[in-house]
Amino acid sequence: MAEMISAVSRQTTIPALLGETARRSPGSPALSRYVSGRFVSLSYGQLFAAAGRMAERLCAQGAAPERRVAIAVTDRFEWGVSYLGVLFSGATAVPIDLQLTPPEINGILSDADVSLVIHDGRIDLGDWRSRSEVIGLDQTLPDLSPSAPDGPFRVPELDPESLASIIFTSGTTGQTKGVMLTHANLVADVLGIQAMGLCFSSDTLLSILPIHHAFECTAGFLYPLSIGAHVAYARSLKSNEILADMNATQATVILAVPLLFENIVNSIKRHVHDAPLWRQRLFSLLMSTSRMGRRLGWRSAGRVVLASVRRKAGLSSLRILVSGGAALPPSVAEFCDIIGLPLIQGYGLTETSPVVSVNRPGRHRYDTVGPPIPNVQVKIVDPRPDGIGEIAVAGPIVMKGYWKRPDDTAKVLRDGWLLTGDLGSIDAGGHVHICGRSKNVIITGAGKNVYPEEVEAVLGNQPEISESVVYGKSRPGKIGEIVAAVVVPDPDWFASAQPGVWDHDDALRSVLVEAVHKACEDLAPFKRIVDIEIRREPLEKTTTRKIRRYLVIQPRHDYKL
């Protein structure tokens with residue numbers, strides 16, 4: 001399987017791969033968006049005809065191989081068509097994170113030597129707004145109405161090793177790099193995901209995440225289109241609208257970051273907490289029945305026993321959930337499984353196109369990110385006695401390098417292996433375990449290693465705590481670091497369970513300190529938090545909802561426990 005995928009990826013481009021889907025199923029719905037109170041679809045035939053017409057217009061504006069075209073488009077539906085149009089033109093796509101500031105965007109456009117910018121006029125491009133290279137979306141976008149013609153389309157002849165995309169990582173450390181991904185990289189990753197059997201042509205995926213991000217672009221856009229599935233774009237990140245869109249499209253798959261799934265679980269738990277006592281007891285009985293059924297080998301017990309819970313939560317159409325982009329708390333995955341909604345966790349980096357490993361449906365485990373996809377090798381570099389070391393990845397999914405950063409490229413690419421900077425281990429069954437980032441490890445005065453992600457996971461199990469960052473704090477004149485944390489209380493929990501406490505700092509701190517103590521009870525003493533900062537506002541995040549640790553770890557008011 002791995003050899004076959006590698007061979008195909010070296011001969012195939014994204015337009016050729018997805019063009020096969022359009023030829024097989026030209027009339028099937030490809031992309032849908034919300035228009036005037038309902039979802040309207042573009043068929044595969046219409047989508048690829050539109051991509052071809054857009055490519056022709058882009059080429060007339062100067063797009064060509066070896067040139068770069070930035071996409072600064074707000075709506076994900078139009079973004080997807082624009083992305084395909086750029087690839088059909090032979091140019092390299094440079095997705096722009098629209099939540100960056102104008103100077104940051106201007107820096108990326110300059111660094112990437114962008115020839116053209118497809119711009120919908122909704123964001124400030126800074127100095128680039130007045131440049132002739134900026135072209136309005138309306139100048140290139142063809143008819144995307146439900147009655148748009150499909151007609152013939154031409155798949156360009158491109159070198160699979162040519163650049164398809166340069167993705168500038170938003171980063172949690174503040175350093176931005178342009179990751180160069182070839183057509184062969186992306187095709188190999190798409191084919192590797194296909195082999196996992198996560199989705200089928202009959203599925204409808206509700207797209208929620210920013211599509212400029214590698215995870216959503218590959219796994220939530222290119223992958224479903226490669227198998228003939230249907231992608232529907234949610235209107236927003238508002239919970240009520242996501243639920244409404246899910247029901248309107250009868251979505252069967254959601255791909256998102258852990259934060260969304262944590263919110264779903266917490267919402268269900270809050271509704272149970274506020275329900276009459278008899279309903280609470282019934283829920284507990286059904287959960288116990290599902291657990292027992294799973295232990296006896298009936299993995300789909302929750303699907304039957306807790307169908308009413310999923311229906312009341314607006315989740316009845318869903319078949320599977322896929323989590324990526326950050327560590328998923330095992331308790332969240334287990335809860336979803338028990339109520340009959342499998343939550344599959346994977347692992348990857350932008351530098352690997354991005355998916356490296358993923359749990360298999362029906363055989364997924366909560367404590368791992370699954371085995372590598374078929375065309376990928378993973379090894380542990382310099383493992384310690386406990387088996388933990390730096391994770392290295394090899395295979396056709398590994399990036400070509402960092403744009404115009406040969407020194408940075410040389411630091412991470414060694415003899416065909418990508419050094420990820422992530423710490424982990426591989427068990428006897430070939431499953432990859434992630435411990436955290438090497439740069440985040442806390443080293444105590446006794447020389448013990450503490451992985452912040454492990455401690456953050458136990459804090460996340462406390463309903464009083466919305467989010468947290470655990471880090472090592474040095475002490476003047478002392479050797480090593482102590483375990484410290486920035487903790488954000490959950491306002492919804494306090495409003496429901498402790499009304500009145502939120503408005504009193506001392507009382508709020510007292511409840512949170514107790515919650516932190518309780519969370520750390522089962523941890524080894526050297527892992528327990530001994531210093532805490534409480535913040536009421538959400539922590540700073542990237543557009544893909546990863547916490548910007550370097551911004552958060554600037555303590556203002558520390559309270560020793």
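**Close-up views of a predicted model**

View 1. Helix α4 (residues 76-89) lies across β1, β2, β9 and β10 (230-233), with contact taken as heavy atoms within 4.5 Å. The helix runs at about 145° to β1; axes are lines fitted to C-alpha atoms, for helices over the stretch in contact, and angles run from 0 to 180 degrees between N-to-C directions. Helices (H or I, at least four residues) and strands (E, at least two) are DSSP runs, numbered from the N terminus. Helix α3 (residues 44-60) lies across β1 (29-35) and β2, at about 70° to β2.

This is a predicted model, in which local features need pLDDT of at least 70, side-chain atom pairs count only at pLDDT 80 or more, and totals for chains, interfaces and linings use all residues. Residues are numbered from 1 along each chain as its sequence is written, and side-chain values use heavy atoms, leaving out hydrogens and water.

**View 2. Eight strands form an open sheet with mixed pairing.** Follow the order β2-β1-β10-β9-β11-β12-β13-β14, where two strands pair if DSSP finds at least two bridges between them. At the edges are β2 (38-43) and β14 (355-358), each pairing on one side only. From one strand to the next, the twist averages 25°.

**View 3. Strands β9 and β11 run parallel.** Here two bridges join β9 (residues 204-207) to β11 (residues 253-256). Look for L206, which stands opposite I254 in β11.

**View 4. Strands β15 and β16 pair in the antiparallel sense.** Five bridges link β15 (residues 377-381) with β16 (residues 389-394). Among the partners, Q377 is bridged to A394 in β16.

Technical notes. Buried means under 20% relative accessible area, exposed over 50%, partly exposed in between (1.4 Å probe, protein chains only).
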